[in-house]
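Here is a walk through one structure, taken a piece at a time. Keep the sequence and the 3D view at hand.

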Amino acid sequence: MLFETQAKADNFIKYNSAEMLETVKKAPVRSYYCQFCMGWHVTSNPNLEVGAELDQREQAAIDFIRKYSESEKMVRKQKKAEKPAMKSEREEKKERICWLVKMEICLLKYDYCTLENLFKEYEELYGEAKGIDGVKERYEEVCHAYSELQKVNEDSEYEPTLPPKYMVLAERIKLKKWLNLKLLDLMQFAESGDEQYEEQLRVFKKDVEQSELIHTKARKAINKEISKYNAAYKQKHPEYVEQMILTKKRGKGIKRKETYKKNLLEVIYTIESMEVNFNEGNVQKCKDDIKLCLGKLDELRLENSSTVLLRRHLSQWTEKIGETMA
């Protein structure tokens, strides 16, 4: 048996020795600390000299284990120090492969401005790592993809033969060329003050929103360009500014109207359902519904005959529930 403290071990002897003597004719007479268990045991041997000998034997075993453990650590460190060259060579190969993979990822992200320099670096790394299994096949695939993507960049009508992961890239190249042409058209319409600018801008924004290939960062850049064109167009057409303000106001008014209608309908339906909940004895649900309805009405920030009538209904329900609970 193991005890956390000497007091607990001594208490065990105090309260259990008599009963143990009666049942097994043997009982513990003293407690001692065990270094292996890092706790206290009890023993029926009263001889302290025998206990001291046993403690010395345990200490010798502990010392041996500690020395063995330390020597093992030294051996491991020595073996590790003897193999730096092998590990270094292995790490260098691993690093070259990692860089090749990084280059492929950069190709997949596709930034045509830096692609040519990137590919030169890729070729250099291939020269160092071409002896490694599987690298040659990957290199040939990337070379073919690079060649096909160059053709797409020169002629957006060209249909490349590429694995699916690179086809997305080809579509992005075509999209980038289309974006550049569209933005150029918009700029010309805006700077000339042509009235077609508004329609062209509306169609362009719709196409951009529906495209899954345009990332958030690209969208921000496009919007930044459009804001410049809008500024140029406003100078040519001052009435455009007034029209935009009226459109925004109209949009806000429609939104408020929709919110008003939605909230009123929700309150009406909730009040109608209170009768059922009340008859079924679900009073707490009725109280929660009243709070919800009042919140919906407060959200409108408007007082008219409809909201006043609904507040009156809610007040009556509050009184009715109060009388029931009283």
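Predicted model: local features only at pLDDT ≥ 70, side-chain atom pairs only at ≥ 80, totals over all residues.

Begin with the strands. Strand β1 spans residues 30-34 and pairs with β2 in the antiparallel sense, over 5 bridges. One of the links to find on screen is Tyr33, whose bridge partner in β2 is Trp40.

Now turn to the helices. Two packed helices are described by the angle between their axes and the distance between the axes. Helix α6 (residues 164-192) packs on helix α8 (residues 216-236) at about 20°, with the axes 8 Å apart. Angles under 35 degrees count as roughly parallel, so α6 is roughly parallel to α8. Their crossing is left-handed. From α6, the contact includes Leu179, Leu183, Leu186 and Met187; among the α8 residues are Ile222, Tyr229 and Tyr233. By class, this contact has 10 nonpolar and 3 charged residues, with no polar ones.

Helix α8 also meets helix α7 (residues 196-210). Here the axes come within 12 Å and cross at roughly 175°. That angle makes α7 roughly antiparallel to α8. On the α7 side, the contact residues include Tyr197, Leu201, Phe204 and Val208. On the α8 side, they include Arg219, Ile226 and Asn230, along with Ile222, Tyr229 and Tyr233. The contact of α7 with α8 divides into 8 nonpolar, 1 polar and 4 charged residues.

Look again at α8. Ile222, Tyr229 and Tyr233 take part in its contact with α6, and also in its contact with α7.

Conventions:
Residues numbered from 1 in each chain as written. Heavy atoms only, no water. Axes fitted to C-alpha atoms, helices over the stretch in contact; angles between N-to-C directions. Helix = DSSP H or I, 4+ residues; strand = E, 2+ residues; numbered from the N terminus. Parallel < 35°, antiparallel > 145°, perpendicular 65-115°, else oblique. Left-handed = near helix turned anticlockwise from the far one by under 90°. Contact = heavy atoms within 4.5 Å. Nonpolar A, V, L, I, M, F, W, Y, C, P; charged D, E, K, R; others polar. Pairing = 2+ DSSP bridges.
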